[in-house]
Each structure stands twice: as structure tokens, then as C-alpha cells.
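Here is a short briefing to read beside the structure. Keep the 3D view open and find each residue as you go.

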Amino acid sequence: MLLSLGKVQIYLTFRSLIRNFVANFKTYCNPKPESITNSQDMKRVLIAFLTIIVFLPLMARPVAVDSVDNRKKVALVLSGGGALGASHVGALKVIEEAGIPVDMVVGTSIGSIVGAMYSVGYNSDDLATMFRTMDWTDLFLDRGNPRHLTLDEREARNTYIYEREFYVRGGIDPKPGGVIRGNNIESTFSHYLQGYTDSIDFMRDLPRQFVCIATDLVTDSAVVLSRGSLVRSIRSSMSIPGVFTPVHMGDMVLVDGGTKNNFAADVARQLGADIVIGIKFDLGVGSDRQYRTFMDVMERSAGSDITRRSKDNEKYCDLVITVPVRGFSSGSFTHGAINTLIERGEKAAREKLDSIKLLKAQAVAIPEIDYTMHLRDINKLAAPVEDNTGLIDSREPNTIMASVGLRYDTEDVAALQLRGRYFMGGQPKKELDLTLRLGLRSMLRLEFNIEPWHFKEMGLSYEFWHNIHQDFYQGGHESDNLSYIYQKANAKIFSLNAMNFDCELGLGWEYYHIAKGMWNENSEIYFDDNEHYFNYHARVRYNSEDEPYFTKRGVRAEAQYAYYTDNFAQWKDHAGFSALSAMFQATIPITATTHLRPNLQCRFLFGDDLPVFKSNLVGGMTYGKFFPHQLPLAGFGHVEFFDDKFVSASLRLQQRIIGRHYLLLDGSVAESDGEMSHLFDNKPIWGVRASYFYDSGIVGPLGASLGWSTHTHRLNFFLSLGFDF
């Protein structure tokens, strides 16, 4: 490392002085007769010792890279462009290999993210890993950290494409003016930029000097951010107007700097850079472009002035690395696109390697600096957790959290789900929840919860279902078609919510009414027009799965018991009947892209005169699709009636093909009988299913499956688009 005296000659002088002192001190400690002849030798030793004592504190301080005489300051300018910023990483790799020292980074929008991480010490390999592994869809949404959600909140979040809170009754919205608040951006980069999250001077307190460009809506001008919160500064620089909420800093209201200065080479010169290297993108906009897509038209119409200024700013650069990115847009965050953009950035920089080496010759070489900041080290550090359970209450009083979900599948056709949660003020905490689902299976749910103690709830809920068209099958043949109404009221007497775990004790009322029914020659089931019963129930759940649809690690387990009556004590003048259900599944990683998921599930009914709607209903892809107690099973595309005692085991092979493309292979075996003692005496039922899915992120999984079972002896095809609800 260079020393703070700033001159290599002085450094060499003191190094020589130290060596002489050490030699003289050794001689003094182990004197020969002729070693010390008089007091002058002693004086030389003491003078050397005092000199080192005086100047050692100065020598211990690291020097800035521009402190060497005649050394030119090198600045790197990174333009904005969303996903196109991945090409910055490829270009940085070549610059690192060439050995040209970078003293300053000026970034705009995505360039501010790359620039900030590069300035605190991440290298090009770290940045490439970040781009490839980052869930950019989740980053740009406000879904919140699942570690801070209860199981109910986590499951609900996984069914909506968009959530947003609104302030009511005089509440002041701290982040108005945008669809997306950017909460995940701030929390994610607070993690990556650990050690630099306090208010700092970016030109003084970072290993490399750094500034980023934002636009102040108040003055309609570009702003150079060089101090304050590093995280909020890069959040400001990439806040696309109308999409992300602006960032308020003092009197400024800041949005994306790309709207004013997307390639800020002029700023680098103003800050004293002697050598400026710029990296920007060539979108391939020209007379031969057809402008057939929405993105083509928007980028051209909105970017004309920006493009002109960026072109103008090239005159401030000693070298401009232009990366051809035609065929990609600012939203190209897919795995394949990121890899291609990184490769294009590297290729474009290698084509300018001779020019880079010439610039390196102008900048005096300095010893290599180890910034000791690597992604692998940061990822070992867990994100801060506010309490022992991992749950926090981030909801402000007098706010409404609104959510919307969309779905299409071959059974339910199109479906829309809307949810509003009103968080009331005062103590104890109170919440009102309203959910509306529209489709062939329409649903209205109203719930009120109160939290008298931390993580412990009590509450009341009511549900109304109207299923317009429900097919029932027996032995693979359609037997009944019903239009029915289902109502449910529940009193949650006690509920405990902790991270990955919850339990509930309560009592409820259920009612089924057949509005319209059609039977055929395969029907062997007798339906009452009306069924109602009261229940006492207990449930316990555990879920540590990292993802709901394409799980890569974790365990999910649930057990529930319910006792049913028609008058709180008996069922049809005798003892009530009961239902016991349980499931367990775990995800086992085989490789980074291959996972196995074994699953065990069962449901046992005990008692006499059991109602039809409480029978074991099996089939479909997910739990509780058309009935609260419905169990999924591979190979069964429709709802089938099974005997009172049912158990199944299944195994899923999940293979990520490439990027977000998945192949799922499921196999299952099931047993069913009216008596527990004869449960395994019957011939087992086998089922298989093959599925392909694309994980779109924002709108949910998109895919299709083909199944077959020994029970139905026929193929069933299922197509689904969107989150399941």
C-alpha cells in the first residue's frame, strides 16, 4: 500500500531508515567489542528510533490512489438502461484484467447500482453473480421479506401479482407518486452494502470515489448525489417516474437520473477526472428498425433528447465502450438475456483493449488494492432480524393493503381475486380483511382479527362460496354436476403465529346448499339439498419452504382435527363424527437444478351417518381447490370420491431445465377403505403426471400438465396461467 506522505521517494527513504535502525539496534543488543566505540553511535540509534516514532502514525495511514505525483485520476462512467446494465459487468472484467486503476465511478440508474457496488469493493465476478442470481422480479415488487410474515400472510402473498398500501383517515403517505414503493430495493442493497449504510461522503468514505445522478422534479434538473445515504441515493437514481415512488431528500423530490443525464461523462470531468472511460449501449435504433413493438416505440419516443445528450457527452471521454444490445430492452432480466448481455459487454471491451492499455500507460500504475469486499462473504451474513421470532409488524395504523390476483386454467376458466386489509390504530392491534374472488367459483370472505398479545390472535370470519359448475367423478367417470352454495363462519378462540409456525383453536359453522344438480347413470351418491354442522377444531402448521411453487429447500407439515355436531353436542341424535387429516413434505436437493420432494398425506373420518360433503374428495393440483378439505393427487385431474379412510404417498422430481423453465415429474400411490383395519388390503391406486412450467415471477407459473392413473384409466390435460387461488 502507498503511504500517506504521498511521495514514493519519501517512502523509500523511511524504508531505508527503518532497515538501518533495525540493523543498528541488533548490533546494540548484541555488541561486539568494536561495534560501539563511542557515544555517537548511541546517538544515531536514538535519533533513528525517535524519527520512526514521530512519523510512524503518518506512515500507517493509507493513501488515496491519486496521491502519487504525476498520477492521473481515472473515472468510469456507467450509463442507465435497466437490464442492459449487465453489459457493464462484462466490460468491467476486461478493465480489471488490463490493470487500469479506477479512482472514481459515476453512475446513472442501473449504472448507479453497478457503480456503488464496484466502489465499495465488489469485483466483476461478484457483480456477475449478483446479476445472475438476483430475483429481479421480486426486487422490483413490494411483497416484503417472507421472514417477516405469518404463514397466512405468506400464503396469501403468493397468490397476488400486485400489492400496495394506502393511507386513510388522515394518514400521510410517506412514499406517494408511484406504483411501486421500492421497499425491496432498499432492503436488498442495504444487505449488499453493509458497512456503508450510514450517512457518508461518497467521495471520501468509499474505497473508490462515487457519485450518482438523479433528477429533481422540483427544479426539473439533474442532481449529483455525493453524500448521505448510499442506498437511498442509488434508489433515487433508478426511480423510473410513475413506476417507482420518488425519493424525498430535503427539498428535493428525486426520480431516475436517466431522464436528464443518462451518460454523465461531463460530471466526471467536473469532479476532476483526468481520464474518463465511458460504457454505454447501442440500442440499434435506426431507419431499418420497424418499431412494431410497444417497447420500440416507447424507447424511441421517450429517449430522443436523452440520446442526444448522451451522444454529446461522449466528447468528455477519452474512451467510449459502446455495447450493441439490439434485441434486448430495459426489462430483459431473464437468465439467458443477462448472460448474453454480460458476454456482449466483455466482447465490446476486448475490442477496445489496445486503447485501454494506452490509457493505462498514462495513469501511473499503483500497487494492487484488496478491497476485501466479496459477495460470498456478504451472503454468509444473515439479514438483520428485529426480534427472536423473525416477525415484525411493519403495518402502519390507518393503512389499507390492497392486492389483486389473476388466473386462468382449464377448470376454473378466468378468475380475479381482490383483497383489502385495513390495519386499525390503537391497542390492541386490530385488522379487518375483505377478500373477493370472481369466477366459476366465486367467494367472499370477511375476517376481523384482534391481537391482545404479541403474535397471539383472536378473531371472527365469514365465507360465502358460490360454485356455479362443479363436476364429481367416480372411477374416472363423471357422476354428478352440481351448482352449490357453501357458507362458513369461524371463531378463532386462540391463535399463535411465529416464524414458519402457527396453531389455532376454534369453533365453526358450515352450511351447504345445492342450488342445482344433475345426475347420470354413474351416480351412486345421494346428496342432501341442505347440510349444516357445527365443529370444534384444532390445527397446527409448519412451513419453512423457500418458494411455494418451485421449492428448493424446506419442510411443510400440517395436522388438523375437527369434531362435528348439528347442535354443539350430537350429530343426528348420536355421537358426533370427526375428521383427522395430516400431511408432510420435504424438498431434497440433488444438484443445484434437481430436487426431489416426497409427500405423505392422509385423511380419516370417524363416525356414523357421515354427510356427503365431508367425504374424502381427491384430485387436482393443489389443496382446497374446490372444497376446503380437498386433497391433490398426481394423475387425478378431477375431483373423485374416496372411502372414509384415505392415505397416499407421492414423489416429485423437479428439474430446472434452463433459466425459469421447469420440468416436473410426479408419481403417487394411494390406498382407501371404509375401515382402518382393511386400509391396505385393497389394490393400490397408482398415478403419474408430467408437467412443464415457466416461472414468470410477476404473474405466476405458466404451464401445462398431463396425468394418468390406474383408477381413471384415462389421460387428463390441465393448463394453468397464474398464481393459484
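This is a predicted model: local features need pLDDT of at least 70, side-chain atom pairs count only at pLDDT 80 or more; totals for chains, interfaces and linings use all residues.

A search of the whole structure finds 31 salt bridges. On the surface, eight residues form a nonpolar patch with about 600 Å² of accessible area together: Leu418, Leu432, Leu434, Leu436, Leu438, Leu444, Leu446 and Phe448.

**Helix α4 and its ends**

- Serine 109 is not a glycine, yet its phi is positive, about 55°.
- Serine 109 also counts as buried, at 8% relative accessibility.
- Next comes α4 itself. Its buried residues include Ile110, Ile113, Val114, Met117, Tyr118 and Val120. Gly111, Ser112, Gly115, Ala116 and Ser119 of α4 are buried too.
- Glycine 121 follows α4, and its phi is positive, near 130°.

**How α3 and α4 pack**

- Two packed helices are described by the angle between their axes and the distance between the axes.
- The axes of α3 (residues 86-98) and α4 come within 11 Å. They cross at roughly 35°.
- The α3 and α4 crossing is right-handed.
- On the α3 side, His88, Leu92 and Glu96 make the contact. On the α4 side, the contact is made by Gly111, Val114 and Tyr118.

- Side chains of opposite charge can pair when their charged atoms come close.
- Arginine 350 forms a salt bridge with glutamate 97, with the closest N and O atoms 2.8 Å apart. The pair links distant parts of the chain: arginine 350 is in helix α12 (residues 335-350) and glutamate 97 is in helix α3, 253 residues apart.
- Arginine 350 is partly exposed, at 35% relative accessibility. Glutamate 97 is partly exposed as well, at 49%.
- Aspartate 266 forms a salt bridge with arginine 309, and their closest N and O atoms are 3.2 Å apart. Aspartate 266 lies in helix α10 (residues 265-270) and arginine 309 in helix α11 (residues 294-313), so the pair ties together parts that are 43 residues apart in sequence.
- Aspartate 266 is buried, with a relative accessible area of 9%. Arginine 309 is partly exposed, at 33%.
- Aspartate 724 forms a salt bridge with lysine 625, with 3.0 Å between the closest N and O atoms. Aspartate 724 is in the segment after β33 (716-722), and lysine 625 is in the loop between β27 (616-618) and β28 (640-642), 99 residues apart.
- Aspartate 724 counts as buried, at 15% relative accessibility. Lysine 625 is buried, at 7%.
- Salt bridges also link Arg445, Glu447, Glu457, Glu463 and Lys492 in a network.

**The nonpolar surface patch**

- Which strand gives the most to the nonpolar patch? β16 does, with four residues.
- β16 (429-438) and β17 (441-453) each supply at least two residues of the patch.
- Leu418, another patch member, is found in strand β15 (residues 413-424).
- Is leucine 418 buried or partly exposed? Leucine 418 has a relative accessible area of 35%, so it counts as partly exposed.

- Glycine 278 is found in strand β12 (residues 275-282).
- Glycine 278 is buried, with a relative accessible area of 0%.
- Glycine 278 and valine 77 are 201 residues apart in sequence. In space, their C-alpha atoms are 4.5 Å apart.
- Leaving aside its neighbours within four places in sequence, glycine 278 is in contact with Val77, Phe263, Cys317, Leu319, Val320 and Ile321.

**Lysine 572**

- Lysine 572 lies in the loop between β23 (570-571) and β24 (574-575).
- Phi of lysine 572 is positive, near 55°, in a residue other than glycine.
- Lysine 572 counts as partly exposed, at 42% relative accessibility.

Terms used. Residues are numbered from 1 along each chain as its sequence is written. Side-chain values use heavy atoms; hydrogens and water are left out. Patches are made of residues with over 30% relative accessible area and no salt bridge: like charges are joined within 9 Å, nonpolar side chains (Val, Leu, Ile, Met, Phe, Trp, Tyr) within 5 Å. Accessible areas come from the Shrake-Rupley method with a 1.4 Å probe; for residues, only the protein chains shown count as cover. A salt bridge is a side-chain nitrogen of Lys or Arg within 4 Å of a carboxyl oxygen of Asp or Glu. Buried means under 20% relative accessible area, exposed over 50%, partly exposed in between (1.4 Å probe, protein chains only). Axes are lines fitted to C-alpha atoms, for helices over the stretch in contact, and angles run from 0 to 180 degrees between N-to-C directions. A crossing is left-handed if the near helix is turned anticlockwise from the far one by less than a right angle, and right-handed if clockwise. Contact means heavy atoms within 4.5 Å.
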